[in-house]
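I opened the two-chain model to take notes. My entries follow in the order I looked things up.

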Amino acid sequence: MSGMKARGTRLSLKEERTALLFIAPFILGFLVFNFLPLFYSLFLSLVNFNELGAMRTNEFIGLKNYVRIFGDRLALAAYVRSFYFTVIYAGGIIVLSLFLALLLNRSLFLRVPCRTMIYMPYVANVIAVSMVWAIVLNPFEGPVNALLKLFGVPEECLPMWLLGVKSALPTVAAIKIWRNLAFQTIVFLAALQEVPEELYECAEIDGAGWWKKFYRITLPMISPTMFFLVVVTIIGSFNSLALVKGLTGGGPGSATRIITLFVYEQALRYSYYSYANALACLLFLFILIITLLQWKAQKLWVHY
Amino acid sequence: MGSLLSCSKTSRLLIKAVLSLAVFVIGLMMITPFVFMISASFKYPGQVFVEPLKIIPDKPFLGNFQRVLRDDMYFSWYWNSIRVVLIAIPLRGFFVTIAAYAFARLRFRGKNIIFLIFMSTMMITPEVTIIPRYLLYKSLHIIDTQWALILPATFDVFFLFMLRQFFMTIPIELSEAARIDGYGHFTIYYRIILPLAKPALITMVLFTFIWLWNDYVNPFVFINTMKKQLVTVGLQFFQAREGANYALQMAGATFAVIPTIFMFTFTQRYFVQGITSSGIKG
């Protein structure tokens, strides 16, 4: 009996050694490239490293960098811009992808080539598509406005797209929707295919129409997926630096200077490293709060 | 009765046809920018905006592609991208799968808590930590080298999660039988688990390729020398350099999207599976 136990612990010790060997490289890499930057960011945000060469002083200044944010009108405007962007992007993509998934879930002619076309932007190079959109939406020479003119839209009403102070941010959001639509659509489609057919058949016997079936069966059944997608989409909406750099570079004026671009500029253009990290940490805190609020609110609308 | 049935059958067919047409039109709208891009890249510079806009130019012009192919800078960027992808895929493939095997199959202390810590970092948007990463890589002396892109990509938590989930669906009896036959864990990992996990591995290779190829922010911040850049950031430089020569720009852009679109078209099944099974990146 006791011999067996000893053998068991010896075996599991050996197993533990093997496991350690297998995961050690990954853990080391994870600590250096994933974990360390997080703490480094927090540390930097609390010291005074706001000019090049000041690295060695590392003078601890508490929350001063954070306090400075609230007196910086440009920074606050960048946060607001980012949240505005999130609302347009997340709202738009959730509605559109659900609509598309509902369509793709039916039996259609040419379904496979249609799906390929719809998913294609997702894999295309971000700068390549930015270049194309910048030309296509060029307000003076581009084909989109040429088409609008052809349909009789008067010259002075033609949208300025990426070059308009008011229209630039929504245009960038729309292009991000176009680019990422595949992801949300695929996830919604998978959820729709999980809804048991019997539920719809029962509802049909009761004489329920299309809208009622959608509202009473489809929506509640896919609400966990929708919750997941809303959370992930909102987090992802803050990863828009590449598209903004490619499409507008922050302009016209500051119209598309979202917070991540602002952080980048503060650090690598003006060398305000600590201040930039305080801005980034605050953004992370905001995202965390948004996610937690959604987590709390899911009781109200998510059916498990 | 009979006529009523056939009537509802034709109306159903009609609905199907209308909806198919609608989806097809949406699909066409989605790829319009690509059509425009390819079409413009075959036009003479200065002909891009000539109205009426022609999708297929009267006289296709190959000069843009020739100029891009002869461009030394563009060639280096392209080659650098290929090299980063080709080094990162096997590295990630090894370190991620072997760790995923341990998390899926082995018992060890602290397993759950370590895994939980790994998972929690997936909620952090990578753009938030770009500055500390820049400073960190600087002190590691990997700034302006391709290792600043390859090494962080090697230890990817998202794929660790995906592969662990997949490994757990492989029947445990297979590994137990091998254990009884006296095989070690590395042999089981290499000879049994990896071959059976081929769909998940293909998905990983596909997404690694697509994400690394299309990555802009990391190479933009971590690589300073233009000659060492990857194609995504290089393309932006190319765009600025070629100013108003839109046809040439579009030829450069076309080359940059070909590899990923080509791969995606032939592996669409794995692409869809990859997103539905774990779908974290948004």
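**Entry 1**

I started with B:Leu163. Leaving aside neighbours within four places in sequence, B:Leu163 touches B:Val96, B:Thr97, B:Ala100, B:Ala197, B:Ala200 and B:Met204. Contact here means C-beta atoms, placed from the backbone, within 7 Å of each other. This is a predicted model, where local features need pLDDT of at least 70 and side-chain atom pairs count only at pLDDT 80 or more, while totals for chains, interfaces and linings use all residues. Residues are numbered from 1 along each chain as its sequence is written, and chains are lettered from A and ligands numbered from 1 in the order in which they are written.

Next I looked up the largest nonpolar core, which has 158 residues. B:Leu163 is among those with the most contacts inside it, along with A:Ala128, A:Leu279 and B:Ala99. Such a core is a set of buried Ala, Val, Leu, Ile, Met, Phe, Trp, Tyr and Cys residues joined through C-beta atoms within 7 Å. Buried means 20 or more other C-beta atoms within 10 Å of the residue's own; exposed means 12 or fewer, and partly exposed is in between, with C-beta atoms placed from the backbone.

**Entry 1: confidence**

I checked the scores: ipTM is 0.87 and pTM is 0.90. The mean pLDDT (the predictor's confidence in each residue, from 0 to 100) is 89 for chain A, with 94% of residues at 70 or more. For chain B the mean is 87, and 95% of residues reach 70 or more. Residues 1-5 of chain B have pLDDT below 50, and the stretch has zero contacts in the model beyond near neighbours in sequence. Residues 1-5 of chain A also stay under 50, with zero contacts beyond four places in sequence.

Where in chain A is confidence lowest, and where highest? Helix H1 (residues 2-45) has the lowest mean, 82, and helix H3 (residues 73-104) the highest, 96.

**Entry 2: chain A**

I counted 12 helices and zero strands in chain A. Helices (H or I, at least four residues) and strands (E, at least two) are DSSP runs, numbered from the N terminus. The radius of gyration of chain A is 25 Å, well over the 19 Å that the globule rule gives for 304 residues, so chain A is more spread out than a compact globule. That radius is taken over C-alpha atoms, and the rule is 2.2 Å times the number of residues to the power 0.38. The C-alpha atoms fill a box of roughly 75 × 65 × 35 Å along the principal axes. I noted that 40% of the 304 residues count as buried.

Helix H5 (residues 126-136) of chain A is mostly covered, with 10 of its 11 residues buried. The buried ones include A:Ala128, A:Met131 and A:Trp133.

Chain B has 14 helices and zero strands.

Most residues other than glycine have a negative phi, and most peptide bonds are trans. I listed the exceptions that I looked up.

- A cis peptide bond, omega about -5°, joins A:Gly251 and A:Pro252. A:Pro252 lies in the loop between helix H10 (241-247) and helix H11 (259-268) of chain A.
- A:Trp161 has a positive phi, near 50°. A:Trp161 is buried, with 23 other C-beta atoms within 10 Å.
- B:His141 has a positive phi of about 60°. B:His141 sits in the loop between H5 and H6 of chain B, and counts as exposed because it has 10 C-beta neighbours inside 10 Å.

Definitions and conventions: Two residues are in contact if their C-beta atoms, placed from the backbone, lie within 7 Å.
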